Amino acid sequence: QVQLVESGGGLVQAGGSLRLSCAASGTIFRINHMGWHRQAPGKQRELVADITSDGSIGYVDSVKGRFTISRDNAKNTVYLQMNGLKPEDTAVYYCNATIFITRHTYVEAWGQGTPVTVSS
């Protein structure tokens, strides 16, 4: 079994910063894609940022220039540095990863979610 545990959410004023962390644990052969999604009240979950095992990165347009995703492969951890936060960034943020538990078998793992609230 594998598990993703997120941390770092909280309440911040507009313009402030937060850093989210997500650590994978369990039976891990390798981790391919890692990413962050968010779901605001009454809205669908959206992909915010993702990073592949070779370091290719993508962001949703609304966070480009403000958020930075990174990963530490030695620690099986992905981070999301969020700067210049806006009230519309308020959401529950979920970590996601494609984790191979053997050479050929993988699972799509999700974290439990960490809330981010940005006050105006």
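This report describes the fold, the nonpolar core and one loop of a predicted model.

## Basis of the description

Because the model is predicted, local features need pLDDT of at least 70 and side-chain atom pairs count only at pLDDT 80 or more, while totals for chains, interfaces and linings use all residues. Residues are numbered from 1 along each chain as its sequence is written, and side-chain values use heavy atoms, with hydrogens and water left out.

## Overall fold

The chain has eleven strands and zero helices, where strands (E, at least two residues) and helices (H or I, at least four) are DSSP runs numbered from the N terminus. Along the principal axes, the C-alpha atoms of the chain fill a box of roughly 45 × 25 × 25 Å. A compact globule of 120 residues would have a radius of gyration near 14 Å, and the chain agrees with this, having 14 Å; the radius is taken over C-alpha atoms, and the globule rule is 2.2 Å times the number of residues to the power 0.38.

Among contacts (heavy atoms within 4.5 Å) between residues at least 6 apart in sequence, 55% join residues at least 24 apart.

Of the 120 residues in the chain, 40% are buried, where buried means under 20% relative accessible area, exposed means over 50% and partly exposed lies in between, with a 1.4 Å probe and protein chains only. In soluble globular proteins, nonpolar side chains tend to be buried together. The largest nonpolar core here has 29 residues, and those with the most contacts inside it are Trp36, Leu80, Met82 and Tyr93. Such a core is a set of buried Ala, Val, Leu, Ile, Met, Phe, Trp, Tyr and Cys residues joined through side-chain atoms within 4.5 Å.

Strand 9 gives the most to this core, with five residues. Leaving aside neighbours within four places in sequence, Met82 is in contact with Gly16, Ser17, Leu18, Leu20, Arg66, Phe67, Tyr93 and Val116.

## The loop between strands 7 and 8

Asparagine 73 lies in the loop between strand 7 and strand 8, and asparagine 76 lies in the loop between these strands too. Asparagine 73 is partly exposed, with a relative accessible area of 47%, and asparagine 76 is partly exposed, with a value of 24%. The C-alpha atoms of asparagine 73 and lysine 86 are separated by 30 Å, although these residues are 13 residues apart along the chain.

Most residues other than glycine have a negative phi. Asparagine 76 is not a glycine, yet it has a positive phi of about 50°.
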